[in-house]
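Dear colleague,

I am handing over the structure below, together with some notes on what was found in it. Please read them with the model open beside you.

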Amino acid sequence: MLSIDDTVRLVAVGAVLAGLLTIWLGWREVLAAGKLPFFLLRRERAVRGWRLVLGGIGAAALGAAGGLYGRPIAYVIFQATPSPSPTPTVTARPTTTLTPTITLTPTISATPTITPTPTVTPTPMLPDAVAVLLIHETVTPNSDAAFSPLQIAQRLDRSLLPIDPALEFENPIEILYAAFTYNRLQDGVRWTAVWYRRGEVVCLETSAWQSGTGGYGYTECAPAQGWLAGEYEVQIFYGERWMVSERFFVTGIPPTRTPTARATATRSP
């Protein structure tokens, strides 16, 4: 069992470390907020970051105060009791250890004959069915168009922001969303979202952009065969230009979909 001194010391050190970690996380949020292109997103993330910083300072200060003044306060609340002295036990005598006289050394060292080389990750390309459509497009995409990194989630709020985004999901799953912010887009330009599993397309969305130059957006996917376990990737294209990608994992076995019987009416003779 821990003594009162050890308990006070452990709590104080834990509070200080938790405070420092919170300060670090909050400062990262503040720095990340400055990189967002939109004022509302930037302010929301900066406020969250400063709250973490202030909370971390408070936790660290509380831990430091506990380390300085926690011991006398603890002894006032809890009465210390003497610890029982350990009873000596019989010590076993060491036995003789046999030392080998001959050490066998390997005569042949296996050397690899083939050195693995890293493979080159190809740049994402549009599916052929979508690339053919672009031949007939007349609107030229804006070269300054920008998409934020994708955030994968099972739900979105009313502002189209992801709720509890993650990079790993466990079945049962019905639908997943890839949320993003965008800026300097042009209505009428074709945009495409492709969802892959192990190189195979499971969802495809393509249409002329009609959501204005900047704001919040998303693409969604609900595969017909369900969310099979494995690695998935979402790719976003603006025109024929690849903009952003994100990978995530799905675990577990998807629920079995049972067919629904439809009632049909027959005319009596």
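The largest pocket holds about 580 Å³ of space. A pocket here is an open set of points, on a 1 Å grid over the protein atoms alone, where a 1.4 Å probe fits and which has protein on both sides within 12 Å along at least five of seven lines, and its lining residues have an atom within 4 Å of a point. Grid points are joined across faces, edges and corners, and the volume is the space filled by probe spheres set on the points.

Before going further, please note that this is a predicted model, in which local features need pLDDT of at least 70 and side-chain atom pairs count only at pLDDT 80 or more, while totals for chains, interfaces and linings use all residues. Residues are numbered from 1 along each chain as its sequence is written, and side-chain values use heavy atoms, with hydrogens and water left out.

The lining of the largest pocket is made of 19 residues, and L36, L41, R45, R48 and Q151 are those nearest its centre. Two or more lining residues come from each of α2 (39-77) and β6 (176-183), helices (H or I, at least four residues) and strands (E, at least two) being DSSP runs numbered from the N terminus. The most is given by α2, with four residues.

Together with F147, Y182 and W209, they form one aromatic cluster, and the structure holds 13 aromatic pairs.

In the loop between β6 and β7 sits L185, which is buried, with a relative accessible area of 3%. Leaving aside neighbours within four places in sequence, L185 is in contact (heavy atoms within 4.5 Å) with residues including F147 and W209.

With kind regards

Terms used:
Phe/Tyr/Trp six-rings, centres within 6.5 Å; stacked < 30°, edge-to-face > 60°. Buried < 20%, exposed > 50% of the residue type's maximum accessible area, 1.4 Å probe, protein only.
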